[in-house]
Amino acid sequence: MSERSERAIQRCALSECEAERSVGAPPVEDWGSVGMSRAALLVLADGRFPAGGHAHSGGAEPAVAAGHIKDAATLETFCRGRLHTAGLVAAGLAAAAAAGLDPLLLDDAADARTPVPALRQVARRLGRQMMRAARATWPSAALDALAAARPRGAHQPVVLGLAARSAGLTPLDAAYAVAYENISGPATAVVRLLSLDPFDATAVLARLTDDLEQVAEQATEAAHRAVTEGLGALPAASAPLLDIAAEAHAAWPVRLFAS
Amino acid sequence: MHLDHQDGFPERHTYSAAAPVRGDGTRRALRIGLGGPVGTGKTATVAALCRVLREEFSIAVVTNDIYTREDAEFLRREAVLPTERIVAVETGACPHTAIRDDISANLEAVEDLEESVGPLDLVLVESGGDNLTATFSKGLVDAQIFVIDTAGGDDIPRKGGPGVTTADLLVVNKTDLAPYVGVDLDGMARDAKAQRGELPVAFTALKQPDGVKPVADWVRAQLTHWTTATA
């Protein structure tokens, strides 16, 4: 028997085997959007995506200084709180931008949901950096138009949502990327700030995946409603302590992170 | 001494600010990065370069501090340039990330300087003190200087690493301290030559009058090369 036909038989046997196994598998309703580039989500959500996030702690630095974060358990509490407030708001804005809602109106909506100047400034600075990276990775007319309208930067979740749209991703994908970044940033920062065991920090993220899914879906559902009901349907949860701490942190003379 | 990398300044095609010409077709400022271990004299070199070159060229500085804005404040206090020409980038405790892996904040600082005080001839981008592997991205700078010193030990050139072996100029500072720390300058020069081939090495003692001259001369040569290169 030729080597080639031998391999063909092996392949056959293998696919039979797989077929048998799949009979018992539970039915799946949504296999993911066909034609969409899901793999682009891995690129966009990668912590090494060069859009400036590494210099920010997402409020973890002042929380460590205040004694609110001191170990893995308190990091988890902090991340859960941030995810369901600031994370939900950001994910909603990103999902709406990815759904094709007007990014300039979303930028105003982001301002309205960001009461303190320090965080508005951070969001715009990171938005500008995200814009640079997005125009290099998934160039599009929509990104060019937003960059021209907001040369000093639009709010980062709005830019990220538009980047996701340019990459062929769905609103849900954009919500996932923003929600994940919302907690992975502080977790990475706390590894540096407290010399926390990096395995413990990553385990915290793994324990929060159910919350991540919930927030991403809630944000996407709100963005869906915003299409007909207006931007008032987008989440507007707030975390006053994060806001106050961010404003104070911006005035520290010595700090490791920009925010 | 003025030998350069063979390819000079290769053309770049990215969405970053790396394009060598401005929107109006003129050549943008030359960007030179300064890196090296902590305490070797990077900020002192930047300050000395500004003092020597500021009458000839329009200069601005971007600093990348590790956890303070100290380097930028030192340069402002020393009044080496008007304060609006010095900008600090915060690096989240990782200068090598900000100068190599994620250069977005630095590119924006350079662009903002061009916009607010430009047109500029030269932008010096200083890294916070880092390790021997910290080098600048080619998307951020056109040429880079790696600063080491005699007090760090004469085995640094022999150890090599990307900073020592690939920088466009290697500066060995504090040569005036060599006799006091038992360092053999000829040996350092031999080791550097072995690691770097024809790439130049400058020995400096910044505390001495005009101590920065070898570096300033190299920068002038880079600027001549940059402005005469066809866009």
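Where does Ser195(A) lie? Ser195(A) sits in the loop between α9 (171-194) and α10 (198-207) of chain A.

This is a predicted model: local features need pLDDT of at least 70, side-chain atom pairs count only at pLDDT 80 or more, and totals for chains, interfaces and linings use all residues. Residues are numbered from 1 along each chain as its sequence is written, and chains are lettered from A and ligands numbered from 1 in the order in which they are written.

View 1. Helices (H or I, at least four residues) and strands (E, at least two) are DSSP runs, numbered from the N terminus. Ser195(A) has 8 other C-beta atoms within 10 Å, so it is exposed. A residue is buried if 20 or more other C-beta atoms lie within 10 Å of its own, exposed if 12 or fewer, and partly exposed in between; C-beta atoms are placed from the backbone.

**View 2. Confidence along chain A.** The average pLDDT of chain A is 90, and 86% of the residues score at least 70. Residues 11-23 of chain A fall below 50, and this stretch has zero contacts in the model beyond near neighbours in sequence. Here pLDDT is the predictor's confidence in each residue, from 0 to 100. Two residues are in contact if their C-beta atoms, placed from the backbone, lie within 7 Å. Where pLDDT is low, the predicted coordinates should not be read in detail.

**View 3. Where chain B touches chain A.** The contact involves 19 residues of chain B and 19 residues of chain A. On the side of chain B, α3 (95-101) and α4 (104-117) are the elements that give two or more residues. The largest share, four residues, comes from α4(B).

**View 4. The cis peptide bond at Pro119(B).** Gly118(B) and Pro119(B) are joined by a cis peptide bond, with omega about 0 degrees. Pro119(B) belongs to the loop between α4 and β4 (122-127) of chain B.

**View 5. The binding site recorded for chain B.** An unreviewed UniProt entry places the feature "binding site" at Gly36(B), Pro37(B), Val38(B), Gly39(B), Thr40(B), Gly41(B), Lys42(B) and Thr43(B). UniProt positions are given in the numbering used here, feature names are shortened, and annotations may be inferred rather than shown by experiment. Gly39(B) is in the loop between β1 (30-35) and α1 (42-53) of chain B. It has 14 C-beta neighbours inside 10 Å, so Gly39(B) counts as partly exposed. Lys42(B) lies in helix α1 of chain B. Lys42(B) counts as buried because it has 27 C-beta neighbours inside 10 Å. Not counting residues up to four places away in sequence, Lys42(B) touches Leu34(B), Gly36(B), Glu126(B), Gly129(B) and Val147(B).

**View 6. Strand β3(B) and its partner β2(B).** Five of the five residues of β3 (residues 86-90) of chain B are buried, so this strand is largely enclosed by the rest of the structure. Ile86(B), Ala88(B) and Glu90(B) point one way, Val87(B) and Val89(B) the other. In a regular strand the side chains alternate between the two faces of the sheet. Five bridges join β2 (residues 59-65) of chain B to β3(B), and the two run parallel. Strands pair if DSSP finds at least two bridges between them. Thr63(B) has Ala88(B) as its bridge partner in β3(B). β2(B), helix α2 (residues 70-77) of chain B and β3(B) form a right-handed β-α-β unit. Right-handed means that, with the strands pointing away from the viewer, the path from the first strand over the helix to the second runs clockwise.

**View 7. Strand β6(B) between two pairings.** Both faces of β6(B) are covered: Leu169(B), Val171(B) and Asn173(B) are buried on one side, Leu170(B) and Val172(B) on the other. β5 (residues 143-149) of chain B pairs with β6(B) in the parallel sense over five bridges. Asn173(B) is the bridge partner of Asp149(B). β6(B) also pairs with β7 (residues 201-203) of chain B, again parallel, over three bridges. The chain crosses from β6(B) through helix α7 (residues 185-196) of chain B to β7(B), in a right-handed β-α-β crossover.
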